[in-house]
Amino acid sequence: MRKGYLYIAAAVVMFSTFEVALKYIAGQINSVQLTLCRFTVGFLFLLPLALRTLKKREKTLDRETLAYFALLGLLGIAVCMPIYQLSVNYTGSAVVAVLFSCNPVFVTFLAFFLLGEPILPRHIAALVLEVAGTLAIINPLNTRLNMTGVALALTATVLFSVYGVMGKRKCAEYGGAVVTCFSFLFGSAIIFLVILLTHIPPLAAAITEAGLPSFANIPILAGYTLENLPVVLYVSAGVAGVGFCAYFLAMEHEPASVVSLVYFFKPALSPVLAWALHGEEIPGNMLLGIVLIVAGSCCAIIPGVLEAKRPKSAA
């Protein structure tokens, strides 16, 4: 199997287990606080690998490259993640998760315009099947959607799509570990500054009056215990560190449109894991959605696997 697909598989497992793991510590840690922890620990986890990659490639990070990584961290982590979490305040978390999982639709077209990657017929077929599967899961005819929540979720989705496509631009030169590590560094630094701002009394009062008390006086260390530490480390070093690194390492080997299908696997695999670990029921519409999503992902990936196995003709 091509190396890129192994990285995709690793990212799928990590990302799909995120919400399932969070159920074990639900309500114990502020969501923005946990975001800071996840990407800070992820940065520290990846730093030795990133430095080794830079040495192996004989690369140094100049001001222009650091500014680029800072922009990645701003868009994909510091801005995207809080907007994603804010959207959950307005509409169901399941709806938000599924909408966010639609980012391959945006990545496919952004990669075409920004990276010149071709849009093949199998990519279109995959998108059609997976969008159909996504709609089957959220069941919009029986779901009361709050348009503010939907707008925020779609904004986060577009931002993360831009993050992925922009990150790919630097992957070939610096490697996925470096891109992930230093975007985490800047993203975490910006989130830390934002958390400090939420402790300014007038701003904290205004945020609370706006009906968003969880975004006021955000703690930094409170809530962590020896009991929840293993889960915190898993969603930080595992999901953030290994998952995002695998995502960008896959970008070194496969088109961005194919790698982004990681997020279409997520709404299919997460319910199965929630059923296995938490005993959550899988209704008929969700089962139909899972089948459609898996079929769509196979449309995009299997032809590439077969093509890789096909012997190349002599020149």
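These notes go through a predicted model point by point, from the overall fold to single residues.

1. Ground rules. Because the model is predicted, local features need pLDDT of at least 70 and side-chain atom pairs count only at pLDDT 80 or more, while totals for chains, interfaces and linings use all residues. Residues are numbered from 1 along each chain as its sequence is written, and side-chain values use heavy atoms, with hydrogens and water left out.

2. Overall make-up. The chain has 14 helices and 0 strands. Helices (H or I, at least four residues) and strands (E, at least two) are DSSP runs, numbered from the N terminus. Read from the N terminus, the order is α-α-α-α-α-α-α-α-α-α-α-α-α-α.

3. Burial and contact range. The chain holds 315 residues, and 49% of them count as buried. Buried means under 20% relative accessible area, exposed over 50%, and partly exposed in between (1.4 Å probe, protein chains only). Take the contacts between residues at least 6 apart in sequence: 86% join residues at least 24 apart. A contact here means heavy atoms within 4.5 Å.

4. Helix 1 with helix 11. Helix 1 spans residues 3-16 and helix 11 spans residues 229-251. Their axes lie 8 Å apart, at an angle of about 150°. Axes are lines fitted to C-alpha atoms, for helices over the stretch in contact, and angles run from 0 to 180 degrees between N-to-C directions. The two helices are therefore roughly antiparallel. On this scale, angles under 35 degrees are roughly parallel, over 145 roughly antiparallel, 65 to 115 roughly perpendicular and the rest oblique. The crossing of helix 1 and helix 11 is left-handed. That term applies if the near helix is turned anticlockwise from the far one by less than a right angle; clockwise gives right-handed.

5. Who meets whom in that pair. Helix 1 contributes G4, Y7, I8, A10, A11, M14 and F15. Helix 11 answers with Y234, G238, V239, V242, G243, F244, A246, Y247, L249 and A250. The contact of helix 1 with helix 11 comprises 14 nonpolar residues, 3 polar and no charged. Ala, Val, Leu, Ile, Met, Phe, Trp, Tyr, Cys and Pro count as nonpolar, Asp, Glu, Lys and Arg as charged, and the others, Gly among them, as polar.

6. Helix 3 with helix 11. These helices pack at about 55°, with axes 8 Å apart. That angle makes helix 3 oblique to helix 11. Their crossing is right-handed. From helix 3 come L34, C37, R38, F39, V41, G42, F45, L46 and L49. From helix 11 come V232, V235, S236, A237, V239, A240, G241, V242, F244 and C245. The contact of helix 3 with helix 11 divides into 15 nonpolar, 3 polar and 1 charged.

7. L49. This residue sits in helix 3. L49 counts as partly exposed because its relative accessibility is 32%. Not counting residues up to four places away in sequence, L49 touches A177 and C245. L49 and C181 are 132 residues apart in sequence, yet their C-alpha atoms are 8.8 Å apart in space.

8. T53. Helix 3 (residues 31-56) also holds T53. T53 is buried because its relative accessible area is 16%. The T53 side chain reaches the backbone oxygen of L49 at 2.8 Å. Leaving aside neighbours within four places in sequence, T53 is in contact with Y174, A177 and V178.

9. Positive phi in two loops. E58 is not a glycine, but its phi is positive, about 55°. E58 lies in the loop between helix 3 and helix 4 (63-88). E58 is exposed, with a relative accessible area of 73%. N217 also has a positive phi, near 50°. N217 is in the loop between helix 10 (201-209) and helix 11. At 41% relative accessibility, N217 counts as partly exposed.

10. C299. This cysteine is in helix 14 (residues 284-309). C299 is partly exposed, with a relative accessible area of 29%. Leaving aside neighbours within four places in sequence, C299 contacts R122, A126 and L129. C299 and A126 are 173 residues apart along the chain, and 5.5 Å separates their C-alpha atoms.

Methods: A polar contact is a pair of N or O atoms within 3.5 Å; within protein, one must be able to donate a hydrogen and the other to accept it, and residues adjacent in sequence count only if both atoms are side-chain atoms.
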